[in-house]
Amino acid sequence: MDLYGEIILDHYQNPHHHGRLERATLSGRDSNPLCGDQIQLDLQTDQEGIIIDVGFTGQGCAISQASASMLTDELLGKNLFEAIQISNEDIYRMLGVPLTSARVKCALLSLITLKKTITIDKLQIL
Amino acid sequence: MLNPLHIKKDFPIFERQVNGKPLVYLDNASTTQKPGAVLDALTEYYSTMNANIHRGVHTLSEEATAAYEGVRAKVAAFIGAREPAEIVFTRNATEALNLIAYTWCEQNIYSGDEVVVSELEHHSNLVPWQELCRRKKAVLKILPLDGDAKICDGNIDVQRLDEFITEKCKLVAVTQLSNVLGTIVPLEKIIKRAREVGAVVVIDGAQGVPHLGIDVQKLDCDFLAFSSHKMFGPTGVGILYGKRELLEKMPPFLFGGDMVKEVTAHEANWNELPWKFEAGTPNIADVIAFGKAIEFMESLNFEEIRSHEKELVKYARQKLSEFPGMQIYGPASSAGIVSFNVPGVHPHDVASILNEAGVAVRAGHHCAQPLMQKLQVPATTRMSFSVYNDEGDVDTAVEALKNVYKIFKL
């Protein structure tokens, strides 16, 4: 079935940047009440607000965890302003598979967590 | 003997396909499908007798009132209530439970009192009591499950009833049947203990009533909440049963039309039971159609339903246990529910892959997050059976499960 392509399964079974960061400068957590999926996201930024390290942990389906793994690849090297501009469409493009409305929520959980993590006050500090 | 294939013919939805495959519906604990008679009753009501009830002298209103009140009498007989006045229609079982929390409890629960629920509860029979205890500074106590090794069976530890249901306990609210595990709760023992300490007993029958039936007088519970849509009726109809002596003393829940007797510019007094609790125009059409669902249930019998579901549970558990590493939750005696987990695969993914084969199962926490925490799993996949399911449905689901193993290379 289309939903479970090789790339998604590989990210699910061998997630990138998996784990908590000891030197996190920003952390956030969110969950999906529908299925209980959870994402914990840690970001480490330098003086200029560039993301120099990222880590995530979580529980959930292949779609939510694989999209989180893919998102962490995208985040490295971006500054926080660039990071919050990542859009839903960017996530769909990374996943590259058709999603039903129920699974869209899974796909976007990590992005929603990211946007909760990088709050306006965090941007103003920079 | 119950004939699932014959019964299935009464349900128009089984004519449709999902993803090009015949629908296999194994999500009955969420909601059941509806027989043609229920659907026809909705159309018939709107096309032949649509009118507001309890207020018209015209023919349509009289007919609609008679049909609506006729269902109340049917429900009363179905659960063994003393009289129709002990049956209140609500939006759903959740609203029925909230009604108790905001009326009886508002007048009878005080600071330091204890309210007891079990670890099996659906959020609908937990969160209203959490909020009640917060409002009243009362203490919420949770009856634990029995033993760590057999925790997955979901049996309430009846040896510890005396410890949890004490003299301070004013209300015990428990489910009749776990919606996650299918465990049947020993209500008689719990009610016996509640009686010893003078606590009022609320039964959440949303899962239990459709599978086990209930006799509220024999059981001697004070309140019972259940819902139409889990027993072949429409959504939007919940049922609250309460003993007359309790309902009489309770204040109304919602205020407005139909629940009043006399109104002046500055005050009002309340209508008789049960209308005191039914403010505003009720869900007339769906209640009337629910009457047809009860007639459908009366055409079956609970012994046959129970033995049919036992056989299906046995068959499903056996088939599931043939998969390597498969985790199965719930007792072998489960009433129509089998929860399971494929190791390393999230239930959401299992359900997605089953859906490709036209198989509808539920994946998630089943609105019972505290129980999930107890079982130490984030979620499960759940098959839940009804009278139209047969072994062929289990076979289709099991075939689709092989795809899960294939896709995830297990």
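Two strands count as paired here if DSSP finds at least two bridges between them. Helices (H or I, at least four residues) and strands (E, at least two) are DSSP runs, numbered from the N terminus. This is a predicted model, in which local features need pLDDT of at least 70 and side-chain atom pairs count only at pLDDT 80 or more, while totals for chains, interfaces and linings use all residues. Residues are numbered from 1 along each chain as its sequence is written, and chains are lettered from A and ligands numbered from 1 in the order in which they are written.

Three of its strands form an open, antiparallel sheet in the order β1-β2-β3 (chain A). At the edges sit β1 (26–31) and β3 (51–59) of chain A, each pairing on one side only. Neighbouring strands of this sheet are turned by 15° against each other on average, direction ignored; for such angles, axes are lines fitted to C-alpha atoms (for helices over the stretch in contact), and values run from 0 to 180 degrees between N-to-C directions. Between β1(A) and strand β2 (residues 38–45) of chain A, which run antiparallel, there are six bridges. In β2(A), Leu43(A) is the bridge partner of Leu26(A).

Two helices pack on this sheet. Helix α2 (residues 62–75) of chain A touches β2 and β3 of chain A, and its direction makes about 175° with that of β3(A). Contact here means that the C-beta atoms of two residues, placed from the backbone, lie within 7 Å. Helix α5 (residues 101–117) of chain A touches β1, β2 and β3 of chain A, with its direction at about 135° to that of β1(A).

Then there is helix α1 (residues 6–13) of chain A, whose buried residues are Ile8(A), His11(A) and Tyr12(A). A residue is called buried if 20 or more other C-beta atoms lie within 10 Å of its own, exposed if 12 or fewer, and partly exposed in between, with C-beta atoms placed from the backbone.

Turning to chain B, its secondary structure comes to 16 helices and 17 strands. The radius of gyration of chain B is 22 Å, close to the 22 Å that the globule rule gives for 410 residues, so chain B is as compact as a globular protein of that length. That radius is taken over C-alpha atoms, and the rule is 2.2 Å times the number of residues to the power 0.38. Along its principal axes, the C-alpha trace of chain B spans about 75 × 55 × 35 Å. Buried residues make up 50% of the 410 residues in chain B. Among contacts in chain B between residues at least 6 apart in sequence, 69% join residues at least 24 apart.

Chain B has an open sheet too, with seven strands in the order β4-β10-β9-β8-β7-β5-β6 (chain B) and mixed pairing. Its edges are β4 (87–90) and β6 (139–143) of chain B, each with a single partner strand, so one side of each is left without a neighbour in the sheet. On average, neighbouring strands of this sheet are turned by 20° against each other, direction ignored. Strand β7 (residues 169–175) and strand β8 (residues 200–204) of chain B pair in the parallel sense over five bridges, and Val202(B) in β8(B) is the bridge partner of Ala173(B). Helix α8 (residues 187–197) of chain B packs on the sheet, touching β7 and β8 of chain B, and its direction makes about 170° with that of β7(B).

Helix α13 (residues 302–321) of chain B also has a buried side. Its buried residues are Ile305(B), His308(B), Glu309(B), Leu312(B), Val313(B), Ala316(B) and Leu320(B). They cover an arc of only 135° around the axis, which puts them on the same side of α13(B). Covering them are, among others, β14 (337–341) and α16 (391–407) of chain B. On the other side of α13(B), Glu303(B), Ser307(B), Gln318(B) and Ser321(B) are exposed.

Finally, the two chains meet in a contact that takes 14 residues from chain B and 13 residues from chain A. On the chain B side, α14 (347–356) and β16 (362–364) each supply at least two residues, and α14(B) gives the most, with five residues.

Technical notes: Arc of directions from axis to C-beta.
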